[in-house]
Amino acid sequence: MAQEVAAAECGDINAQLDGVLNASPINFEAMESTIKSGSLATLDQVASIIAGCSGHTFEVQGHTDSGGTNEANLELSQARAQAVVDYLVSKGVAAEQLTAKGYGEEQPVAPNDSPSNRALNRRVEIVVIA
């Protein structure tokens with residue numbers, strides 16, 4: 001797996017993760033938690049970044065648009081976040097570094113008023129929590 005990254009490089013880890021995820025968002029099968037194969041290379045990059053900063057812990061956050069019920073959206077976002085955690089662990093990231101959290105439609109980044117805006121709200125974010 002990735003070698004330890006210098007502490008100074010880990011200091012900007014949120015920006016590194018944001019850059020990777022913004023360049024190539026994680027996509028799932030419609031209404032499922034199955035990660036599309038086109039997103040695996042992105043997750044491999046994420047795994048390398050996280051594994052290189054073993055002193056940090058991360059929250060993998062799942063988000064949905066406002067389609068569907070609140071309960072269904074929370075369940076789907078949690079399942080998607082967990083699918084990402086499971087994949088990262090399969091790539092050598094220590095399980096104790098990761099927590100999955102589904103937020104459903106609670107934290108939109110755009111109004112849910114068009115297909116393109118709803119697509120922006122369907123996302124996975126990964127943030128340093130410690």
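Contact is taken here to mean heavy atoms within 4.5 Å. The model is a predicted one, in which local features need pLDDT of at least 70 and side-chain atom pairs count only at pLDDT 80 or more, whereas totals for chains, interfaces and linings use all residues. Residues are numbered from 1 along each chain as its sequence is written, and side-chain values use heavy atoms, with hydrogens and water left out.

The protein chain has five helices and three strands, where helices (H or I, at least four residues) and strands (E, at least two) are DSSP runs numbered from the N terminus. Read from the N terminus, these elements follow the order α-α-α-β-α-β-α-β. The C-alpha trace spans about 45 × 25 × 25 Å along its principal axes. The radius of gyration, taken over C-alpha atoms, is compared with a globule rule of 2.2 Å times the number of residues to the power 0.38; for 130 residues a compact globule would be near 14 Å, and the 14 Å of the protein chain agrees with this. Of the contacts between residues at least 6 apart in sequence, 73% join residues at least 24 apart.

Buried residues (under 20% relative accessible area, with exposed meaning over 50% and partly exposed in between, for a 1.4 Å probe and protein chains only) make up 38% of the 130 residues. The protein chain exposes about 6,700 Å², of which carbon and sulfur atoms supply 51%; accessible areas come from the Shrake-Rupley method with a 1.4 Å probe, and for residues only the protein chains shown count as cover. With Lys and Arg counted as positive, Asp and Glu as negative, and His and the chain ends not counted, there are 7 positive and 17 negative side chains, the centres of the two sets lying 7 Å apart. Each charge is placed at NZ of Lys, CZ of Arg, CG of Asp or CD of Glu.

A nonpolar core is defined as a set of buried Ala, Val, Leu, Ile, Met, Phe, Trp, Tyr and Cys residues joined through side-chain atoms within 4.5 Å. The largest such core has 28 residues, and Ile50, Val60, Val84, Leu88 and Ile126 have the most contacts inside it. Two or more residues are given to this core by each of α2 (13-23), α3 (40-51), β1 (58-63), α4 (70-90), β2 (98-102) and β3 (123-128). Beyond its neighbours within four places in sequence, Leu88 is in contact with Leu43, Val46, Ala47, Ile50, Val60, Val93, Leu98 and Ile126.

Ala81, which is placed in helix α4, counts as buried because its relative accessibility is 0%. Its C-alpha atom is separated by 5.7 Å from that of Gln61, 20 residues apart along the chain, and, with neighbours within four places in sequence left aside, Ala81 is in contact with Val60, Gln61, Gly62, Ala100 and Lys101.

The loop between α2 and α3 includes Ile26, which is buried with a relative accessible area of 4%. Not counting residues up to four places away in sequence, Ile26 touches Leu21, Ile35, Ser39, Thr42, Leu43, Val84 and Val124. Met31 also lies in the loop between α2 and α3, but counts as exposed at 66% relative accessibility. Phi of Met31 is near 60 degrees, a positive value in a residue other than glycine.
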